[in-house]
Amino acid sequence: MTKALDRALFHAKSWLERLDDHAVAADVSLETLRSRFAGPLPARGMALEDVIGSLAERAEGGLLGYAGGRFFAWVAGGSLQSALAADWLVSTWDQNAALYACGPAVAVIEEVAGEWIKELLDLPREASFAFTTGCQLAHLTGLAAARHAQLKKLGWDVEEQGLFDAPKIRVLASDQAHGSIERAVRVLGLGRGAVQRLATNDRGVISAATLERALTAVEGPVIVILNAADLNVGACDPFSQLIPIAHDAGAWVHVDGAFGLIARASRSRRPLLEGVELADSWATDAHKWLNVPFDCGIAIVRDAQAHKSAMTVNAAYIAGNQAARDQIDWNPEWSRRARGVPVYAMLQELGAEGVAAMVDRCCDHCLAIVEGIGALPGAEIVARPVLNQGLVRFSAGGTTREDDRYTDEVLELINATGEAFFSGTTWSGRRAMRVSVVNWRTSENDVRRAVAAAASALASCRR
Ligand SMILES: Cc1ncc(COP(=O)(O)O)c(C=O)c1O
């Protein structure tokens, strides 16, 4: 029964044990990976333990070190041990977390995890929530509720009547908004053309004057999207100022808090997010700063009725339970994995204080890396972290374009050391290397190794 599981446990443990010494970057080519995995569809099966053994062997060198403490690319958390182990149980239990009746225990675990998340982030306790696949679908869920509520106010039932001939909804979003916002808007049928970009200032945030001007110029129902940390510099819009302005104009406010919203858990970082609780919907990720395995976003909606109206389904065979929470009423999926279970486990492992400590640690480490690399000859700090994101750039004394290329070259050299892994971005028209610290494992030693990797890459460029 358990041969394949034993084999998987062996490979999983050896992967985790090697994280400190293993290269963070992948070091095999696309051709190699294809040649290892591709082949004719097997006519006959193979022994179970060989299936798992060969998967692990063939993936060797093609896996990035997300799980370790020196992975600073994009915004990607690792997995706390409790969350990873709970995730295995979720697969093993194989419950359909669509309805209480289809998986009673996991429905209750998710119900409690959602309540705990609202408490952790100090968001309205009456709000509803959904554990989605990621922040992308959390946006879709929050914005579907927004679409419902904004059109209902005008006497339009979007679930019944659709969008043809409906009043046109406008979406005001910062010019730093993540691409997942635009995609959610497109999928909801509002169209890319409905999005109006609001210019951000030199701190990467929308000013009150900019929002006021934009709201005065638009007609009809409006949704305003604010950032609880943009992914380049961790900029948080001034919620206490902007949300009342948006509400006075009758707008719904949705917050992209993919990672930044989690900083509400930290006493020292919470002031950056002051007023975010005034919004109407929030989208965040557990698979980023809460360090559960991938496949877990969270949508939270103040107006539970709008949320439910946008998502609920009726089918003759659904045995809805009045007393229990049926996830299908809140989620944009039917059959689904009980992805809230690892969140419950993670919150039990860390507690609210542990989450706060993890947030603070990541912010401190981010600052140390940015300052450490920024102090190296040929490096410059482009954005000092206010949270857990910062930017550095490299220069060989060339033109802006030459230094753009040089920045990308140095970044590749750092990644090639296998000691640390970063990704690049374009910020204010110039290339930069992003430093994103989101992993519970990142330690002071990891910080030293990352700075040393940058020093050796820069030294090799000078030779
Ligand atoms: C600010 C922001 N919003 C949304 C997303 C999308 O999140 P997900 O990949 O979980 O769908 C990301 C992903 O990096 C992000 O950084």
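Modeller: Begin with polar contacts: a polar contact is a pair of N or O atoms within 3.5 Å. Keep in mind that this model is predicted.

Colleague: How far is an oxygen atom of the ligand from an N or O atom in the side chain of Asp 285?

Modeller: The distance is 2.6 Å. For the side chain of Lys 288, an N or O atom is 3.2 Å from a ligand oxygen. Cys 135 takes part through its backbone, where an N or O atom lies 2.9 Å from an oxygen atom of the ligand. The ligand taken alone exposes 390 Å², and the protein buries 84% of that.

Colleague: Which helix gives the most to the shell around the ligand?

Modeller: Helix α6, residues 135–152, gives the most, with 3 residues. Residues around the ligand include His 178, Leu 231, Asp 256 and His 287. Sorted by class, the shell holds 6 polar, 3 nonpolar and 3 charged residues.

Colleague: How do I read a sheet?

Modeller: Look for strands that pair; two strands pair if there are at least two bridges between them. Here an open sheet of 4 strands runs in the order β8-β9-β11-β10, with antiparallel pairing.

Colleague: Why is one side of β8 and of β10 left without a neighbour in the sheet?

Modeller: Both β8 (379–383) and β10 (423–427) stand at the edges and have a single partner strand each, so one side of each has no neighbour in the sheet. From one strand to the next, the twist averages 45°.

Colleague: How many bridges join β8 and β9?

Modeller: The two strands pair in the antiparallel sense over 4 bridges, β9 being residues 389–394.

Technical notes. Residues numbered from 1 in each chain as written. Predicted model: local features only at pLDDT ≥ 70, side-chain atom pairs only at ≥ 80, totals over all residues. Heavy atoms only, no water. Axes fitted to C-alpha atoms, helices over the stretch in contact; angles between N-to-C directions. Near = heavy atom within 4 Å. Polar contact = N/O pair within 3.5 Å; in protein donor to acceptor, adjacent residues only side chain to side chain. Areas by Shrake-Rupley, 256 points an atom, 1.4 Å probe, with all protein chains shown as cover. Nonpolar A, V, L, I, M, F, W, Y, C, P; charged D, E, K, R; others polar.
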